[in-house]
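Student: I am new to this structure and would like to go through it by question and answer. May we begin once it is displayed?

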Amino acid sequence: MQIRVQEADFDPGALLGDFHQLAARSGAGAVVTFTGLVRDLPGGGLHAMEIEHYPGMTEKALTAIAEEAAGRWDLGPVLILHRYGLMRPEEPIMMVATASAHRAAAFAAADFLMDYLKSRAPFWKKETTEAGESWVAAKAEDEAALDRWRQG
């Protein structure tokens, strides 16, 4: 498992190339990736997004959810990369990659990880616009997406 929390920008293509090699060496037959971008607000106007986190706690939480995914599905390598700090619209903000012998497990695990990252990962987002700064609130649809994965 590769868990990265970093301030630096990253090249999704280069990261995917490295992950493909790792997946192939593990015997995987499927790789699924998702790259999230900082998106502008409807109608424009986003100057920047700033993401904060608690070092140590964040990595521990991401590792735990990656381990849960590996326990639910038969996976090879797993990658979670999430940035923090100041970012501009169109910059990559995060990437998830999963590998498995077959596509169904890789797709399901990537979807599960994304739902967790959207609603439970310990990151806090602040948007800066002409009007000032505001924290991004949790969204009901993100919580609903996570509910489908709850056991019990």
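Tutor: Setting aside neighbours within four places in sequence, Ser-26 is in contact with Gly-76 and Pro-77, where contact means heavy atoms within 4.5 Å. This is a predicted model in which local features need pLDDT of at least 70 and side-chain atom pairs count only at pLDDT 80 or more, while totals for chains, interfaces and linings use all residues. Residues are numbered from 1 along each chain as its sequence is written, and side-chain values use heavy atoms, with hydrogens and water left out.

Student: Is Ser-26 buried, partly exposed or exposed?

Tutor: Ser-26 is found in the loop between helix H1 (12–25) and strand S2; helices (H or I, at least four residues) and strands (E, at least two) are DSSP runs, numbered from the N terminus. Buried means under 20% relative accessible area, exposed over 50%, and partly exposed in between (1.4 Å probe, protein chains only). Because its relative accessibility is 43%, Ser-26 counts as partly exposed.

Student: What is the C-alpha to C-alpha separation of Ser-26 and Leu-75?

Tutor: In sequence, Ser-26 and Leu-75 are 49 residues apart. In space, the C-alpha to C-alpha value for Ser-26 and Leu-75 is 9.7 Å.

Student: Are H2 and H3 roughly parallel or roughly antiparallel to each other?

Tutor: The axes of H2 and H3 come within 10 Å and cross at roughly 150 degrees; axes are lines fitted to C-alpha atoms, for helices over the stretch in contact, and angles run from 0 to 180 degrees between N-to-C directions. Angles under 35 degrees count as roughly parallel, over 145 as roughly antiparallel, 65 to 115 as roughly perpendicular and the rest as oblique. H2 and H3 are therefore roughly antiparallel.

Student: How many residues of the contact of H2 with H3 are nonpolar?

Tutor: Residues in H2 including Ala-61, Leu-62 and Ile-65 meet Phe-112, Leu-113, Tyr-116 and Leu-117 in H3. Ala, Val, Leu, Ile, Met, Phe, Trp, Tyr, Cys and Pro count as nonpolar, Asp, Glu, Lys and Arg as charged, and the others, Gly among them, as polar. In the contact of H2 with H3, no residues are polar, two are charged, and the nonpolar ones number nine.

Student: How many residues of the contact of H3 with H4 are charged?

Tutor: Helix H3 (residues 103–119) and helix H4 (residues 140–147) pack at an angle of about 140 degrees, with axes 9 Å apart. That makes H3 oblique to H4. Asp-115, Tyr-116, Lys-118 and Ser-119 in H3 meet Asp-142, Glu-143, Ala-145 and Leu-146 in H4. The residues of the contact of H3 with H4 comprise three nonpolar and one polar, while the charged ones number four.

Student: Is His-82 buried or exposed?

Tutor: His-82 is found in strand S4. Residues that His-82 touches, not counting those up to four places away in sequence, include Arg-4, Val-5, Ile-51 and Phe-123. Because its relative accessible area is 4%, His-82 is buried.

Student: What is the phi of Glu-90?

Tutor: Glu-90 lies in the loop between strand S5 (85–87) and S6, and Glu-90 is exposed, with a relative accessible area of 69%. Most residues other than glycine have a negative phi. Although Glu-90 is not a glycine, its phi is positive, at about 85 degrees.
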